[in-house]
Amino acid sequence: MKRFLLWDYPRAVWQYDVMVAIILAFIFLTPREFFRDQPRAFDVAVLPSEQGADVFWLEGELLSGLEEEQRWAKATELISKRSGKKQTVIRLEPLFDNEKQTKGFMVYSNH
């Protein structure tokens, strides 16, 4: 057991291959939930709303560097593509972090 824990086997022996196989089996056969690894959220996400308008979250990178008019047009395009329906942007609110960096945008629309 000591040799196994200290990885004391030379590379060309069968014990080394068994250790590598055990490590690979652990990596590939362990369920994702074991590591609490979650897939990355969508760049455009639909949020629940109560007012009858559709609400979307857009990652800040999607609209950064655009002029105000272009930002609205791009937001309209992205949310229409995500929802599968023609959308009209009513309001576009940037959300900032503590350092005043744009984290994302809340987009309010109706279809």
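This is a predicted model: local features need pLDDT of at least 70, side-chain atom pairs count only at pLDDT 80 or more; totals for chains, interfaces and linings use all residues.
**A tour of the protein chain**

Switch to cartoon and run along the sequence. You'll pass 4 helices and 4 strands, in the order α-α-β-β-α-α-β-β. With a radius of gyration of 24 Å, well over the 13 Å that the globule rule gives for 111 residues, the protein chain is more spread out than a compact globule.

The protein chain exposes about 8,900 Å², with carbon and sulfur atoms supplying 56% of that. Of the 111 residues, 24% count as buried. Colour by charge next: there are 15 positive and 16 negative side chains, and the centres of these two sets sit 5 Å apart.

Time for the rings. The chain has 2 aromatic pairs. Select tryptophan 7 and tyrosine 16: their ring centres are 5.3 Å apart and their planes meet at 85 degrees, so this pair is edge-to-face. Tryptophan 7 is partly exposed, at 36% relative accessibility, while tyrosine 16 is buried, at 15%.

Then pick phenylalanine 26 and phenylalanine 34, an edge-to-face pair with 6.3 Å from centre to centre and 90 degrees between the planes. Which side of the cut-offs do they fall on? Phenylalanine 26 has 44% relative accessibility and counts as partly exposed; phenylalanine 34, at 57%, counts as exposed.

Terms used
Residues are numbered from 1 along each chain as its sequence is written. Side-chain values use heavy atoms; hydrogens and water are left out. Helices (H or I, at least four residues) and strands (E, at least two) are DSSP runs, numbered from the N terminus. The radius of gyration is taken over C-alpha atoms; the globule rule is 2.2 Å times the number of residues to the power 0.38. Buried means under 20% relative accessible area, exposed over 50%, partly exposed in between (1.4 Å probe, protein chains only). Accessible areas come from the Shrake-Rupley method with a 1.4 Å probe; for residues, only the protein chains shown count as cover. Lys and Arg count as positive and Asp and Glu as negative; His and the chain ends are not counted. The place of a charge is taken as NZ of Lys, CZ of Arg, CG of Asp or CD of Glu. Rings of Phe, Tyr and Trp (its six-membered ring) pair if their centres lie within 6.5 Å; planes under 30 degrees apart count as stacked, over 60 as edge-to-face and the rest as tilted.
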